[in-house]
Amino acid sequence: MQTLQELVEHLAKFGDKTAISWRDKDSKRHTKSYMELQKEINHYSRGFMQMGLKKGDKVAVFSDNNHDWSALILGLNNAGIVDVPRSCERTSKEEMEYLIKHSEARKVIIEDPDVYEKIKGFIDGKNIISFKSTCLGLDTLESVRYLGSL
């Protein structure tokens with residue numbers, strides 16, 4: 001394997017074996033198989049393309065490591081979209097603005113709704129995607145995956 005696309009194609013060979021495991025806030029264990037991971041990656045890739053992103057476009061991702069992160073980043077890369085990752089925990093409003101503007105990010109993905117308050121003044125809400133459903137009226141990663149499943 002020499003590319004991320006080849007890696008994604010290769011994942012199905014491991015079938016139902018566990019690719020990712022994590023514990024939620026209640027310490028309940030969850031798993032995702034290689035087959036599920038591959039499907040999720042492909043849905044992200046197609047979903048972002050359906051949203052109008054194309055190869056070479058940049059997407060800023062403000063997130064700490066979590067179980068959704070790997071499929072998201074591989075989905076972006078599988079579509080040829082450049083991810084601009086950054087932890088949201090210690091990143092100031094000024095740093096976020098600099099990163100978004102200077103990377104020329106077409107979309108911004110946020111894990112923490114508090115990040116929205118930092119960035120809403122310099123990026124249109126229609127270009128912000130939230131990890132989870134929020135009352136902010138933003139697109140969500142779930143809607144991206146849904147678009148990619150059609």
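Student: Which residue in β5 does valine 59 stand opposite?
Tutor: In this predicted model, valine 59 stands opposite lysine 107 of β5.

Student: In which sense do β3 and β5 pair, and over how many bridges?
Tutor: Strand β3 and strand β5, the latter spanning residues 107-110, pair in the parallel sense, with four bridges.

Student: And β3 with β4, how many bridges there?
Tutor: Five bridges link β3 to strand β4 (residues 82-86), and this pairing is parallel. Within β4, valine 82 is the bridge partner of lysine 58.

Student: How many residues of β3 are buried?
Tutor: Four of the five residues in β3 (residues 58-62) are buried, so the strand is mostly covered by the under 20% criterion.

Student: Changing topic: where is serine 103?
Tutor: Serine 103 belongs to helix α4, which covers residues 93-103.

Student: Is serine 103 buried or exposed, and why?
Tutor: Serine 103 counts as buried because its relative accessible area is 13%, and the limit for buried is under 20%.

Student: Which backbone atoms lie 3.4 Å from a polar atom of its side chain?
Tutor: One is the backbone oxygen of isoleucine 100, at 3.4 Å from a polar side-chain atom of serine 103. Another is the backbone nitrogen of alanine 105, also 3.4 Å from a polar atom of that side chain.

Student: What does serine 103 contact beyond its neighbours within four places in sequence?
Tutor: With those neighbours left aside, serine 103 is in contact with Lys58, Val84 and Tyr98. Lys58 is the residue whose bridge partner in β4 is valine 82.

Methods
Residues are numbered from 1 along each chain as its sequence is written. This is a predicted model: local features need pLDDT of at least 70, side-chain atom pairs count only at pLDDT 80 or more; totals for chains, interfaces and linings use all residues. Side-chain values use heavy atoms; hydrogens and water are left out. Helices (H or I, at least four residues) and strands (E, at least two) are DSSP runs, numbered from the N terminus. Buried means under 20% relative accessible area, exposed over 50%, partly exposed in between (1.4 Å probe, protein chains only). A polar contact is a pair of N or O atoms within 3.5 Å; within protein, one must be able to donate a hydrogen and the other to accept it, and residues adjacent in sequence count only if both atoms are side-chain atoms. Contact means heavy atoms within 4.5 Å. Two strands pair if DSSP finds at least two bridges between them.
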